[in-house]
Each structure stands twice: as structure tokens, then as C-alpha cells.
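Thanks for coming, everyone. Please have a look at the structure on the screen, and then I'll walk you through some of its parts.

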Amino acid sequence: MFPAPWVCRRCATALAKPLRRQFLRYASTDATGTNLPPALLQRARNLAAEHATLATTLEQTFDTKAAKRLGELSRVATALQSYDAARSSLAELNQLSESSDAELRQLAHDELASTHEQLTTLATALSASLTPRDPYAHMPCLVEIRPGPGGMEGRYFADAVYKMYRAYCARVGLRANTVKYEVADGAETSAGGAANESPLAEAVLEVLDEGAYDLFRSEAGMHRVQRVPATEKQGRTHTSAVAVWVLPSFPAAPESGSSLEADFDNPESDFYIDPKEVKSEKMRAGGAGGQHVNKTESAIRLTHIPTGTTVSMQDSRSQHRNREDAWRLLRSRVAAQRREEQEKVANSLRNSVLAKNQITRGDKIRTYNYQQDRCTDHRAGLDVHNLPDVLLGGETLGKLMDAAKSWLVGRDVQALIAEEEMKAEDESKRLGNGIGKNKK
């Protein structure tokens, strides 16, 4: 007879307990109710109910405003339907996980993780659908690039940023047109910068496709570069910056009777400018450009007197073409200023002091580090390498832009949650005061 093996007291106590069913729960039954805040979920259900009511009404009588509203709400209704379906699937799987049938338990175990991940994705999509869509999201855009702090090195990198966005548009198939490309005076004899970089004074790139503003609006801000300039003999790293503005853009000549023409002529539109408030000046073009320079008055300068906004254009030899481009750029700049004033009022209600189009040294959004072959988006907290691919407008730049856009949507969702919770709190207080008065 073999002697019994020695077992410690702790193991003996554990072995004495009855065996429990070995099952790992990957998602709890209450997880389905914690993916979205209650205030946000209630807002989604209210909008879905309004969508259903409008759909029933339009089946009987057609109304343009109702049809437009129905289209706006369809995104929320579809996202809520998918979200509810995923919640139901997760609840069923949680019930199956408690089944006495081992095969059903294993089946639930295999599906729980993927279903829970799908629910998280659908919750994010539903939250994004609830955020107010930017009124200019469907429009083309103007990307303005100017050198910031950093002297001549900032001008060289401004040219790199301009070429980066132009290459990105070419890669993804967006139609882009250079509205303005102005090199600093005396730049032709300047030495410095990386290969094929010119010291840029200002560049304006127009992306003509619809929805371009929504794609590029997260690129507005201060872009910082850290690299060793070509003229640096000590090998020291210099830090410079480039400011990028992203503005909505209207086509130069809207068709007669179109909504775009109405925006030009509608005094309530942000893009409306009274011609009486604009001072127009003709000038002789300056800089390199052939015989027409300093001989013909083809350059145009427009000044919006109420805001002091000034736009000058001399890229074309045609005065008429320069005037059209100057008016388009002036409308966009004035509209951005008016929109920023509106956003300042809205942001003050949300206890925020930042405006989207305000570019200052503190608005650093991205860093391009040449020595470390790294690009960092400070808002999304994303680090990517392969900096040459970023500057060539490659897939790495696309990852940065997608991350920045996701951050922007997340910020809007948080603001919406705070707004809905504030409304619910105010409603609760109002009902509480009404009950107190009735008791008196």
C-alpha cells in the first residue's frame, strides 16, 4: 500500500469544497444598459419616434420640410435599430450562458466576445449620429497654410505641408485646385529647407469635392515641426510651426435659382456680403511672372470694411479671374469669422473658451519629428512612424486624419451628453418645484 501524498492545508480546504461549473462570463447581463448614457439613449428614442411619425405623415401628404427632416433623422433611426438588435442578441447569449446544456453554453461563450465588441461599435456609431452635423459638412473647403513661429524654417515647412495635402488629395481621388501660392520676397536666392521646398508666404488649396470640409476640418490648428535645417552647421534641432485654417467654400459661380445663389444673396446667410461694405482696389502685380508684372493692373485687393478682413489676389493675369478668386476667399473668411462668433456663444454655454477656427501658438495639434521618424497627433494621442509617407500624403497620413476626426466626434458626443444631462436635471428640478407648489 502506497503512502498518501502530502497536501497542504489550503489545498485540502479547496479540494473539500464542491466543484463549481467552469464558465467564464465575458459580458455581464447589465452590460447592455451601460454602453450609452441614459440621457443620450432617451434622445435617440425620441428622435426615432419623430422619424416614425414623419414617415407616416409623408405617406399621406408630401411636404418638403418634413421630407428634409425625415432624411436628417434616418441616420439616427437606422443606428438605433442596429443598436437595439445587438442588445437583444447579447441578452439572449447571456441567458444561454446559464443553460444546463454544455453545447449551448459553449456556443454562447464563442459568440459573447464578438457580440459585445459589435455592440460597443454600434454604440459609438449611434452616439456619432446624435451629434449635430456641421452645417458646412457637405461643402467643398479651402485649406489655408501660413508659416507660424520659427522664421525661414517655418516657411519651408509650410511648403511641405501644402504639398502633403495636395498629394493626399491626388492619392484619394479628390479634386484640388491651388487658389493661391505665394513665395516670400527674395526667396529664389534663399538657401535652406529640405529637397524641393520653397519658403512659402501663404498658400490656399481648394478641395472641390462635396464633403471635403467634413474631411479636412479636423486639420485646422498649429502643426509643429522638429528637424535640423539644411543651413544648421552645429546639427541642432530647430522647432518651427505652420498654421492651417480650414474654411467652407462655395463654387465661384452658382447656377441661377440654386440654393447656393440664395446663400450669396440671403442677408441671413453667413456667406452674404453687402457689396457696398467692400472696398475694391486694383494694383499692379508684383514678383516674378513675366512682362505683365508691374505693367498691368491685374492684381485685386478687397477689404471688408466692417470686419477689416483684407484679401489680395494676383495669381492670374486676368483681372476678372483674380476678382472672382478674391471674392470667393473673402466670403469664406468672413463666414468663418461669423461662424466663430456663433460658436463662441455656444461654447460659453458649455463652459468652453476655445473656438475651432482660432489658431494660436497654444493650439498645437500635431508634431512632425524628423530625427525620430515620428508624427504625433496630440488630440487623438496617436504616434505613427514612417514620416516620409506622411509628408507624401500616404496611408499613414490617412490614419492620422481618421484619428483626429474620431477625436472631434468624441468631443462633440461628450458635449451632447453634458447638454442632455443638464436638460434632464433642469426638467427634474422643474417637476420637483411643481410638486412642492401643489402640496402647499
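Let's start with one residue. Glu 153 is buried, with a relative accessible area of 8%. Buried means under 20% relative accessible area, exposed means over 50%, and partly exposed is in between, with a 1.4 Å probe and protein chains only. Glu 153 sits in helix H5. Helices (H or I, at least four residues) and strands (E, at least two) are DSSP runs, numbered from the N terminus. What does Glu 153 contact, leaving aside neighbours within four places in sequence? The partners are Arg 227, Pro 229 and Ser 240. Contact here means heavy atoms within 4.5 Å.

Quick ground rules. This is a predicted model, where local features need pLDDT of at least 70, side-chain atom pairs count only at pLDDT 80 or more, and totals for chains, interfaces and linings use all residues. Residues are numbered from 1 along each chain as its sequence is written, and side-chain values use heavy atoms, with hydrogens and water left out.

Two strands pair if DSSP finds at least two bridges between them.

Next, the core. In soluble globular proteins, nonpolar side chains tend to be buried together. A nonpolar core is a set of buried Ala, Val, Leu, Ile, Met, Phe, Trp, Tyr and Cys residues joined through side-chain atoms within 4.5 Å. The largest one here has 38 residues. Ile 145, Tyr 165, Phe 216, Tyr 368 and Val 390 touch the most other members. Several elements supply at least two residues each, among them S1 (141–147), H5 (152–172) and H10 (395–439). Which element gives the largest share? That is H5, with nine residues.

S10 and S11 pair in the antiparallel sense over four bridges. Arg 374 stands opposite His 385 in S11. Two loop residues deserve a look. Asp 373 lies in the loop between S9 (364–369) and S10 (374–377). Asp 373 has a positive phi of about 50°, although it is not a glycine. Asn 386 lies in the loop between S11 (382–385) and H9. Its phi is positive too, about 70°, and Asn 386 is not a glycine. Buried or exposed, or in between? Asp 373 is partly exposed at 31% relative accessibility, and Asn 386 is partly exposed at 38%.

Last, another open sheet. Three strands run in the order S6-S7-S8, with antiparallel pairing. S6 (278–283) and S8 (309–313) each have a single partner strand, so one side of each is left without a neighbour in the sheet. S6 and S7 (residues 299–304) pair over six bridges.
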